[in-house]
Amino acid sequence: MSDRAADTLAVRLEQRAPVPLDVTLRCGAGELLALIGPSGSGKTSVLRIIAGLQPIARGRVTVGDRVWLDSAHGPRLPARRRRVGLVFQHYALFPHVDVRTNLTLAMGHVRRRERAARADALLERVNMEGLGARRPPTLSGGQRQRVALARALARDPDVLLLDEPFSAVDQQTRRRLYRELARLRTSLDIPVLLVTHDLHEVQTLADSVAVIRRGTTLQSGAVDDVVRRPASGSVARLLGHQNLFRAHVLDTAGGITRYRVGDSVLAGPAGRREAGTPVTLLVPPSAIRLERTGAGGVAREATIGTPAQDDRPSTRLAARVGEVVALGDELSLRLRLEHVEKSLRLRVPRDADPGLAPGAALHARVLADAVHVMDGH
């Protein structure tokens with residue numbers, strides 16, 4: 001990388017057609033921001049606009065005090081004048097030349113006599129040393145991905161853009177590449193944008209995340225904040241949360257708000273919403289304590305596959321096991337709740353309780369302070 005100071009990337013994009021966009025992004029030096037959303041949501045268009053490969057009706061793209069795009073005041077730098085490293089989904093390497101040449105072709109800003117040595121240094125940096133004379137068709141998917149990343153870095157970029165770079169490799173190779181990108185990031189003091197539809201990828205690699213649907217930024221922030229506290233039911237569903245319940249506020253007292261869910265009542269954290277306000281409740285699996293139902297329908301004190309007794313305020317809901325699926329060392333459970341149409345889903349250790357079978361009666365105790373409340377349905 002160069003010795004130029006790294007700066008924050010700031011992006012504001014607006015247009016109605018051909019791809020509707022209403023996107024605001026900010027990514028600091030050394031930060032990896034993941035763009036997540038369903039296919040067709042405009043994620044790749046955002047990268048292409050930042051790189052100067054796609055026009056935009058109204059927008060502004062800056063890196064520090066350098067203006068790459070300002071539709072209101074004129075600057076629209078072409079792609080060749082933007083210091084961008086871009087890794088395409090299918091790598092877009094030149095198949096007819098060797099790996100070293102693929103890199104040197106991206107070094108128009110470097111003296112010719114220095115290019116081969118720099119290419120070899122970059123290949124070593126991505127664990128591809130000694131393979132500079134090979135051509136891309138002779139490489140594995142993981143090796144081609146590393147070459148594409150080295151070529152992106154060969155431009156000495158101000159910003160690195162990654163468009164689903166792991167989608168074309170198998171799971172084992174993907175995990176290896178995750179580790180290599182995490183290691184490489186320790187020496188990259190530039191903004192990095194990663195397009196993905198994989199939440200595991202986001203949680204593994206990213207510092208922050210922007211959730212995009214139909215070309216609109218629905219929520220952005222630190223990964224843990226967005227995943228644990230989605231701004232709406234739409235964001236929660238896009239992030240893969242399953243335990244979402246439509247509810248209405250009943251009342252608030254003693255630091256607890258009660259919510260009507262179906263024909264039942266669920267306690268949650270205190271809020272200032274008025275009685276009758278429609279909300280969506282997210283019950284994360286970590287909020288659920290399972291208890292075996294004893295004689296007379298009384299719940300035992302011992303929990304199933306969860307920590308010891310928790311004294312925090314909670315709601316105890318009668319349930320029956322609707323489905324049990326073994327997934328490696330875990331059991332995936334679907335619980336049918338009494339008086340609530342929607343089921344609860346969670347996982348427990350496979351050896352949590354030998355009696356966890358379809359039809360088994362138990363209680364699901366939901367910790368009030370772990371319930372997340374979102375406005376509207």
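Predicted model: local features only at pLDDT ≥ 70, side-chain atom pairs only at ≥ 80, totals over all residues.
The phi of histidine 339 is positive, at about 70°, although the residue is not a glycine. Most residues other than glycine have a negative phi, and most peptide bonds are trans.

Asparagine 127, which is likewise not a glycine, has a positive phi near 60°. Its place is in the loop between helix 3 (112–125) and helix 4, where asparagine 127 counts as partly exposed, at 39% relative accessibility. Proline 18 is found in the loop that runs between strand 1 (9–15) and strand 2 (21–27).

## Overall architecture

The protein chain is built from eight helices and 21 strands, and its C-alpha trace spans about 85 × 50 × 35 Å along the principal axes. Of the 377 residues in the chain, 47% count as buried. When contacts in the protein chain with a separation of 6 or more are considered, 64% of them are accounted for by residues 24 or more positions apart.

## Packing of helix 4 against helix 5

The crossing of helix 4 and helix 5 is right-handed.

On the side of helix 4 the contact is made by Gly142, Gln145, Arg146, Leu149 and Leu153, and on the side of helix 5 by Thr173, Arg176, Leu177, Glu180 and Leu184. Sorted by class, the contact of helix 4 with helix 5 has four nonpolar, three polar and three charged residues.

In soluble globular proteins, nonpolar side chains tend to be buried together. The largest nonpolar core in this model has 47 residues, among which Leu103, Leu160 and Leu162 touch the most other members. Helix 4 provides the largest share of this core, with seven residues. There is also a second, separate core of 30 residues, which includes Val249, Leu281, Leu290 and Leu331.

Leucine 160 can be followed through its contacts beyond the neighbours within four places in sequence, which are Gly85, Leu149, Ala152, Leu153, Leu188, Ile190, Pro191, Val192 and Leu193. Among these partners, Leu149 and Leu153 also take part, from helix 4, in the contact with helix 5.

Is glycine 233 buried or exposed? Glycine 233 is buried, with a relative accessible area of 6%, a value that falls under the 20% limit for burial. Glycine 233 lies in helix 8 (residues 233–238) and, leaving aside its neighbours within four places in sequence, is in contact with Leu244 and Met374.

The position of glycine 233 can also be set against that of threonine 252, from which glycine 233 is separated by 19 residues in sequence and, C-alpha to C-alpha, by 22 Å in space.

Definitions and conventions:
Residues numbered from 1 in each chain as written. Heavy atoms only, no water. Left-handed = near helix turned anticlockwise from the far one by under 90°. Helix = DSSP H or I, 4+ residues; strand = E, 2+ residues; numbered from the N terminus. Contact = heavy atoms within 4.5 Å. Nonpolar A, V, L, I, M, F, W, Y, C, P; charged D, E, K, R; others polar. Core = buried A, V, L, I, M, F, W, Y, C linked by side-chain atoms within 4.5 Å. Buried < 20%, exposed > 50% of the residue type's maximum accessible area, 1.4 Å probe, protein only.
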